[in-house]
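Thanks for coming, everyone. I would like to walk slowly through one model this morning, beginning with a charged pair and ending with a strand.

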Amino acid sequence: MAYQVVEKSSALGTQQLQLEERQGRLAALEARVAQLQEARAQQAQQVAKQRAQNVVQRAAYEDLRVRAEEQEAALRRLQEEASYVLEQLVQLKALAATECNLRLQRQERANQARVSQELKKAAKQTVSISELPDSLGKGIREGTETLALATEPDSLESEACEKWKRPFRSASATSLTLSRCVDVVKGLLDFKKRRGHSIGGVPEQRYQSIPVCVAAQLPVQAQEVLDAHLSEVNAVCFGPNSSLLATGGADRLIHLWNVVGGRLEPKQTLEGAGGSITSVDMDPSGSQVLAATYNQAAQLWKVGEAHSKETLSGHKDKVTAAKFKLTRHQAVTGSRDRTVKEWDLGRAYCSRTINVLSYCNDVVCGDHIIISGHNDQKIRFWDSRGPCCTQVIPVQGRVTSLSLSHDQLHLLSCSRDDTLKVIDLRVSNIRQVFRADGFKCGSDWTKAVFSPDRRYALAGSWDGALYIWDVDTGTLESTLRGPHCAAVNAVAWCYSGSHVVSVDQGRKVALWH
């Protein structure tokens, strides 16, 4: 019995210890519960605070969205107003041009009438040949010579026979000659009027046409490779005789080279450019070099003179293209300031500014047309005799270069979608699209050209290779690799069709044959 009492007491003590332990654990858990409840209350306060901030931010967002919509609407209104103002400006310019033309026509008719009256008065005067002063006799002789040039050989022979048969010319014959002079002068005045010139105006002087080969030769290998510039070479152009070459680079220099026996011999360095050279062109006479530069101007050099002859200033951003027109003393430039300008080189004067809605990357010139390629993936056509854009052809990708065929019937464009396109200008339609595995435009100023016979299209790629396509079939004719380890910026095909030159971003110039 006592043993059982002891056991029960021991068990009771053990249970009491367990009870105390459990009571301690319960107290700890209750304290933990209190902490968690306090933390929960704090989190609830933070959630409420965040919700209040969200409400404020949502209201601010709605306010900003409303203001953005209002500003977008205001921007659209301003764009519409700007478009309307631009249209009005174009109309005003067209009206001013029309009024100027009418004024010139009235002056022309008045001058023509005055000259006709003076000549008729002179024709009515009867003067004896024997009593003519020297000056008047000279004038009559000159008039007679002019008429003699305009008549046919048979009439010349008959008049000469009659001259020898009679010893003198009567007053009536003199009056007849002066009457014929009046008719000839009237014809000349009508001819000038049809040509669009005033009586005192000087007719357009055009360059002689450049002889172009009948069949160009495909280049096969690089005959010479030179480190021509101190930095990358951006532009290259052949002269009309195919033996003179011009290269321009980021070192602000233009080097002229003689192509002799498959080699490039240095001829001259043109200095004075205010910025990196982006485009080089030579006039059809081969006596002048025109370059576009990054200093917001184009510059003109005369071959044989080291320093710039004229600076064509007026653009407000980098000039990306500069080309001579087919008429003497005229040029066209394009710029990143969204303008194309026509220049009178005789006076270094901007004769016309064309405003465009996108950067201009290249221009080419025809007889009475200017074609510009732009960053907004469009090619625009401008009539040099009118104020407006005559046509827009969209292409895929930013236009990097344009090349006009010698017959002015086809246009080659290169764009950043890594394609070349041939546009038939007779129907204003894309005739061919050239692609090739591995071909990729290396920059926004990558230049592609026609061969002089328009049979091939040539362009350089980002990997230093040259790609040549057949224009008629659209097939890749040849791929040339070797000398270039950097992207090819520009290529040129000489007018004789025997040589090709390529320039790259690694300072190299390669002559191919």
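Let me begin with Arg-380, which is buried, with a relative accessible area of 9%, where buried means under 20% relative accessible area, exposed means over 50%, and partly exposed lies in between, using a 1.4 Å probe and protein chains only. Its side chain meets that of Asp-376 in a salt bridge, 2.8 Å from N to O, and Asp-376 is partly exposed at 27%. By salt bridge I mean a side-chain nitrogen of Lys or Arg within 4 Å of a carboxyl oxygen of Asp or Glu.

Residues are numbered from 1 along each chain as its sequence is written, and side-chain values use heavy atoms, with hydrogens and water left out.

The pLDDT, which is the predictor's confidence in each residue from 0 to 100, averages 84 over the protein chain, and 83% of the residues score at least 70. It stays under 50, however, over residues 129–180 and again over residues 184–202. Where pLDDT is low, the predicted coordinates should not be read in detail.

Returning to the charged pairs, the count comes to 16 salt bridges. Which parts of the chain does the pair of Arg-263 and Glu-224 link? Arg-263 lies in strand S5 (residues 263–270) and Glu-224 in strand S1 (residues 222–227), 39 residues apart, and here strands are DSSP runs of E with at least two residues, numbered from the N terminus. Arg-263 is partly exposed at 49% relative accessibility, whereas Glu-224 is buried at 9%.

Finally, please look at strand S23 (residues 456–460), where five of the five residues are buried, so that the strand is largely enclosed by the rest of the structure. Tyr-456, Leu-458 and Gly-460 cover one side, and Ala-457 and Ala-459 the other. Strand S23 pairs with strand S22 (residues 448–450) in the antiparallel sense over three bridges, pairing being counted if DSSP finds at least two bridges between two strands. Five bridges also join S23 to strand S24 (residues 466–470), again running antiparallel.

Definitions and conventions
Predicted model: local features only at pLDDT ≥ 70, side-chain atom pairs only at ≥ 80, totals over all residues. Contact = heavy atoms within 4.5 Å. Helix = DSSP H or I, 4+ residues; strand = E, 2+ residues; numbered from the N terminus.
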